[in-house]
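The following note sets out points for a colleague who will be working from this model. Please read it with the sequence and the coordinates at hand.

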Amino acid sequence: QVQLVESGGGLVQVGGSLRLSCAASELSFSSYVVAWFRQAPGKEREFVAAINWTAGKTYYATSVKGRFTISRDNAKKSGYLQMNSLKPEDTAVYYCAVARGGSYYSKSSYAYWGQGTQVTVSS
């Protein structure tokens, strides 16, 4: 069983930055794909970014590409999402998730999820 805990969310003004962290309990963390999804009130959870087990390949939703950067530190069993140039439409609960395989973009590929951290972008 993998336990994931997100942190780093908060309130930020338009154009500001936040860095989200995801701490994992799994000893074989390096074998997992790590991803971030987000969900705004009344909307479906959507893919944001993913990074593969080698940390050599990254994948981003079009809406965040060029503004967000996903990374991982396998020694610390942690994943990160650096968010820059934040917009009001980025407001959502952000979730960390891990998978052993499947589609990077599909929620069904991810077996384990964190509880989420709130990100609010205001003007």
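1. Thr-69 stands opposite Gln-82 in strand E8. The two strands concerned, E7 (68-73) and E8 (residues 78-83), pair in the antiparallel sense over 6 bridges. Please bear in mind that this is a predicted model.

2. E7 and E8 belong to an open sheet of 4 strands, ordered E1-E3-E8-E7 with antiparallel pairing. Strand E1 (4-7) and strand E7 stand at the edges; each has a single partner strand, so one side of each is left without a neighbour in the sheet. From one strand to the next, the twist averages 15 degrees.

3. Leu-81 deserves a separate entry.

4. The largest nonpolar core has 37 residues, of which Trp-36, Val-48, Phe-68, Leu-81, Met-83, Tyr-94 and Tyr-110 touch the most other members. Two or more residues of this core come from each of E3 (18-24), E4, E5, E7, E8, E9 and E11 (117-122). Strand E9 gives the largest share, 6 residues.

5. Strand E5 pairs on two sides. With strand E4 (residues 33-39), E5 pairs in the antiparallel sense over 5 bridges; with E6, the pairing is again antiparallel, over 3 bridges. Ala-50 takes part in both, as the bridge partner of Ala-35 and of Tyr-59 in E6. Of the 6 residues of E5, 5 are buried, so this strand is largely enclosed by the rest of the structure.

6. Both hairpins contain a residue with positive phi. In the hairpin of E4 and E5, with 6 residues between the strands, Gly-42 takes a positive phi near 75 degrees. In the hairpin of E5 and E6, which also has 6 residues between the strands, the positive phi is that of Ala-55, near 65 degrees.

7. The structure holds 7 aromatic pairs. One of them joins Phe-47 and Tyr-105 edge-to-face, at 5.0 Å centre to centre with 70 degrees between the planes. Phe-47 lies in E5 (residues 46-51) and Tyr-105 in the loop between E9 (92-99) and E10 (112-113), so the pair ties together parts that are 58 residues apart in sequence. Phe-47 is buried, with a relative accessible area of 11%, whereas Tyr-105 counts as partly exposed at 47%.

8. A tilted pair is formed by Tyr-59 and Tyr-104, at 4.3 Å centre to centre and 35 degrees between the planes. Tyr-59 lies in E6 (residues 58-60) and Tyr-104 in the loop between E9 and E10, so this pair ties together parts that are 45 residues apart in sequence. Tyr-104 is buried, at 16% relative accessible area.

9. Which residues do the ring pairs link into a cluster? They are Phe-37, Phe-47, Tyr-59, Tyr-104, Tyr-105, Tyr-110 and Trp-113. Trp-113 also lies under a charge: the charged end of Arg-45 sits over the ring of Trp-113, 5.0 Å from its centre. The charged end of Arg-45 likewise sits over the ring of Tyr-95, 3.7 Å from the ring centre.

Methods:
Residues numbered from 1 in each chain as written. Predicted model: local features only at pLDDT ≥ 70, side-chain atom pairs only at ≥ 80, totals over all residues. Heavy atoms only, no water. Phe/Tyr/Trp six-rings, centres within 6.5 Å; stacked < 30°, edge-to-face > 60°. Buried < 20%, exposed > 50% of the residue type's maximum accessible area, 1.4 Å probe, protein only. Lys NZ or Arg CZ within 6 Å of the ring centre and 35° of its normal. Pairing = 2+ DSSP bridges. Axes fitted to C-alpha atoms, helices over the stretch in contact; angles between N-to-C directions. Core = buried A, V, L, I, M, F, W, Y, C linked by side-chain atoms within 4.5 Å.
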